[in-house]
Amino acid sequence: PQLANQIAAGEVVERPASVVKELIENSIDAGASRIDVDIERGGHKRIRLRDNGKGIAKDELELALSRHATSKISNLDDLESILSLGFRGEALASISSVSRLTLTSRPREQSEAWQAHCEGREMQVKLNPAAHPDGTTIDVADLFYNTPARRKFLRTEKTEFQHIEDVFKRIALSHPSITLNLTHNDKPVRRFPAVAQDNRSRRIAAVVGKKFIDNAIYTQVDYEGITLEAWLGNEQVLRSSSDCQFSFVNGRGMRDKLILHAIRQAYESAWGVIEQPAFVVFLSVSPRDVDVNVHPAKHEVRFQQSRLVHDFICKSVLDALIDTQG
Ligand code: ADP
Ligand code: MG
């Protein structure tokens, strides 16, 4: 199965940041309230994640590492309306086919922890007893050690870590009630203590900066089942560049062209040409009106009524910007 897994890995595992994203999403799916991510050398040497989620039972460890092991889809209707973050059932198998992966876990009801190690051509899984608190640790070492062509595409340690940080910030913004900690080469880089779900602005301040949130224009608009909640950079922080553009659709971070376009158009109409407005925007639509699986890495969406969504965002943002002027 190694080859098939490595082919799948080509889709799922583009770079260390994609591993981090898949692992964190699994922890969120498992109900974790705390996730610690430790990175070594831009993730190329090691990515280690610990969570306090529901854990994986001993006799399911091997299954978790095999392809299409997902327990998250039970029928087609589920597929259409799924809000659970991951559902393709190939992330762990893919990652383990291009790294040395160790999975250690203890569900609350299991008296001892077990560890599964997966490496080599046959993807043989070895199980050993281990010591571990409730929850799961996944250790991904030597990413792409057996796929030199992929390894060649890795950028510098600094660049790869920036991608990881970006993924981390996006997840932190969409999950304020989860405590998230990130270290790089043993140094704490990001610490996001849990905040109440209704205190999103506090998490935004932690992730994007207090200056942004203090000056941001806030708006919330509902229209025919679409909801927009937005923090919009005002003129003082407008030049803060594209690394402060965060959009989410139904809780997932998206780098969506349509959303970006709608927001820029609104800024342009309100205040003239603006290159890179800063914003944090949450959009909720009915899951049936949106296809999140356009790309396997899930950065893109396709709206059923894209024109409507575009114009709704544009108008809502424009109204908020003009209101502030007046
Ligand atoms: P998917 O998330 O699409 O189901 P993955 O390959 O990402 O597929 O994970 C395989 C399975 O392993 C999951 O369905 C889940 O049952 C289990 N799993 C993975 N990570 C965790 C975790 N951190 N805590 C609990 N279970 C996990
Ligand atoms: Mg997953």
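Now step back into the helix. α10 runs over residues 257-271, which makes 15 residues. From first C-alpha to last, α10 reaches 21 Å, close to the 21 Å expected at 1.5 Å a residue. Which residues of α10 are buried? They are I259, A262, I263, A266 and Y267. These residues lie on the same side of α10, because they cover an arc of only 130° around the axis.

Leaving out residues up to four places away in sequence, I313 touches L228, I259, A262 and I263. Three of these partners, I259, A262 and I263, are also among the buried residues of α10.

The next level up is the nonpolar core. The largest one holds 76 residues. Within this core, V20, F168, I263, V281, I313 and V317 touch the most other members. The core draws at least three residues from domain 1 (2-192) and at least three from domain 2 (210-325). In soluble globular proteins, nonpolar side chains tend to be buried together.

For contrast, look at E109. This residue is found in the loop between β3 (100-106) and β4 (113-119). Is E109 buried or exposed? E109 is exposed, because 9 other C-beta atoms lie within 10 Å, and a residue counts as exposed at 12 or fewer. From E109 to I204 is 95 residues along the chain, and their C-alpha atoms are separated by 36 Å.

Now take in the whole chain. The protein chain has 11 helices and 15 strands. Of its 326 residues, 38% count as buried. Take the contacts between residues at least 6 apart in sequence: 67% of them join residues at least 24 apart.

Finally, consider confidence. The mean pLDDT of the protein chain is 86, and 83% of its residues reach 70 or more. Over residues 78-87, however, the pLDDT is below 50. This stretch still has 26 contacts in the model beyond near neighbours in sequence. Where pLDDT is low, the predicted coordinates should not be read in detail. For the model overall, the scores are ipTM 0.99 and pTM 0.89.

Technical notes: Residues numbered from 1 in each chain as written. Chains lettered and ligands numbered in written order. Predicted model: local features only at pLDDT ≥ 70, side-chain atom pairs only at ≥ 80, totals over all residues. Core = buried A, V, L, I, M, F, W, Y, C linked by C-beta atoms within 7 Å. Buried ≥ 20, exposed ≤ 12 C-beta atoms within 10 Å, placed from the backbone. Domains from an automatic or database assignment. Contact = placed C-beta atoms within 7 Å. pLDDT = per-residue confidence, 0-100. Helix = DSSP H or I, 4+ residues; strand = E, 2+ residues; numbered from the N terminus. Expected span 1.5 Å × (residues − 1). Arc of directions from axis to C-beta.
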